[in-house]
Amino acid sequence: MLQYVLTSDTLCVYDGPSYVEVGRDHPNFAKIVNLLTEDGTFEEVEELACIVSAISSVSDGKIKVTDGGVYYNGEAMHNAVVDAIFDYQKMGLPIAPIVKFLENLMQNPSKNSVEQLWRFIEHHKLPLTEDGCLLAYKAVKSDYMDKYSGRINNAVGQVIKMDRNRISDDANHHCAAGLHVGGLAYSGPEGWYSNNGDICVIVKVNPKDVVCVPHDHNATKVRVCEYEVVKDYCKILKTTVYDCNYDECECDEYDDYFEEERSIEKGDIVKFQDDDDTLFEVINDPDQHNNVVVRNLATRRLYDVSVGLLELEE
């Protein structure tokens, strides 16, 4: 049986002269504790304790973390996605979708897109899919034809493509040729680009196909060379992870979503009981201690809190 010392802040597991020490804030702390009561091996403890190994495993070895920095296929990485991966891992959130997003993003030939796209996603609270793509909004005419030319069909299931070399990658070139999708403020039902009679669709974009994040309209849109129309708009997208094809929709249940009293769960929009102004999104279902991780919708900061302090936003 493994020998260990548990304090108020840390857990230290021994195997002869070797030992592993983790803090209570480690994402795998509870799993390591379980190993102590389930005749786990020291090697299993080491594997769970190693965040670096976890990231490398999810990325099939493509992402390496060393004392000198983070590397993707041998190339040093310095962008907001890398920071987000470590933030997610530290909070015990699944990192596979964001690692896959990074893999897709690194296939993008545009240096500016690689550097700017994640901040665009965070700013506009756009979700990812399991296969590392992003979901966004697009305003179209009532017959699903595009608003600029009236010739491109944006019905659900359509995959729209344009030669990348025909699209401007200059962020200062505002009204340029290209396929445009955006955040809620630009392309949503009441967005800047939406007029009376228009409709909104949800589109899926591979990060490698983002050509530019223009500066106009407070950077609320992106120019892309390909997207897939996956759904008619029915409600604001949650900043969570959707399945690869965005098959599930809560339209039918949404009208009755808050009619019955229920427990707080992943994806809910909540607020602290003593604060009516600040809204948070619940990132995970309650753990064994009835705690959840919530994200401030304004600042994007993450917090680990008790469910008892929260209430559903009506």
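A residue counts as buried when its relative accessible area is under 20%. By that cut-off, eight of the 10 residues of helix α5 (residues 96-105) are buried in this predicted model, so the helix is largely enclosed by the rest of the structure. The buried residues of α5 are Pro97, Ile98, Val99, Phe101, Leu102, Glu103, Asn104 and Leu105.

Two of these residues lead to other parts of the model. Phenylalanine 101 touches Val81, Leu117, Trp118, Ile121, Leu128, Gly132, Leu134 and Pro207, with residues up to four places away in sequence not counted. Leu105 is in contact with serine 113. Serine 113 is found in helix α6, which covers residues 111-123. Its relative accessible area is 2%, so serine 113 is buried. Beyond its neighbours within four places in sequence, serine 113 also contacts Asn108, Val210, Val211 and Cys212.

Nonpolar side chains tend to be buried together in soluble globular proteins. In this model, the largest nonpolar core has 52 residues. Those with the most contacts inside this core are Phe101, Leu117, Trp118, Ile121, Leu134 and Tyr227. Helix α4 (residues 80-90) gives the most to the core, with six residues.

Strands of a sheet pair through backbone hydrogen bonds, either parallel or antiparallel. Strand β11 (residues 199-205) has six of its seven residues buried, so this strand is largely enclosed by the rest of the structure. Strand β8 (residues 134-140) is joined to β11 by seven bridges, and the two run antiparallel. Within this pairing, alanine 139 has cysteine 200 of β11 as its bridge partner. Strand β14 (residues 226-232) also pairs with β11 in the antiparallel sense, over four bridges. Here lysine 204 stands opposite glutamate 228 of β14.

Five other strands were examined as a sheet. The sheet is open, with the order β19-β18-β17-β16-β20 and antiparallel pairing. Its edge strands are β19 (302-306) and β20 (310-312), and each pairs on one side only. From one strand to the next, the twist averages 45 degrees. Three bridges link strand β17 (residues 280-282) to strand β18 (residues 291-296), again in the antiparallel sense. Valine 282 stands opposite valine 294 of β18.

Aromatic rings were considered next. A pair of such rings is described by the distance of the centres and the angle of the planes. A search of the whole structure finds eight aromatic pairs. One of them joins tyrosine 186 and tryptophan 192. The centres of these rings are 5.8 Å apart, with 15 degrees between the planes, and the pair is stacked. Tyrosine 186 is buried, with a relative accessible area of 5%, whereas tryptophan 192 is exposed, at 54%.

In the rings of phenylalanine 272 and phenylalanine 280, the centres are 5.2 Å apart and the planes lie at 85 degrees, so this pair is edge-to-face. Phenylalanine 272 is buried, with a relative accessible area of 17%. Phenylalanine 280 is also buried, at 5% relative accessibility.

Tyr186 and Trp192 form one aromatic cluster with Tyr193. The charged end of lysine 147 lies over the ring of tyrosine 193, 4.4 Å from its centre.

Methods
Residues numbered from 1 in each chain as written. Predicted model: local features only at pLDDT ≥ 70, side-chain atom pairs only at ≥ 80, totals over all residues. Heavy atoms only, no water. Phe/Tyr/Trp six-rings, centres within 6.5 Å; stacked < 30°, edge-to-face > 60°. Buried < 20%, exposed > 50% of the residue type's maximum accessible area, 1.4 Å probe, protein only. Lys NZ or Arg CZ within 6 Å of the ring centre and 35° of its normal. Contact = heavy atoms within 4.5 Å. Pairing = 2+ DSSP bridges. Axes fitted to C-alpha atoms, helices over the stretch in contact; angles between N-to-C directions. Core = buried A, V, L, I, M, F, W, Y, C linked by side-chain atoms within 4.5 Å.
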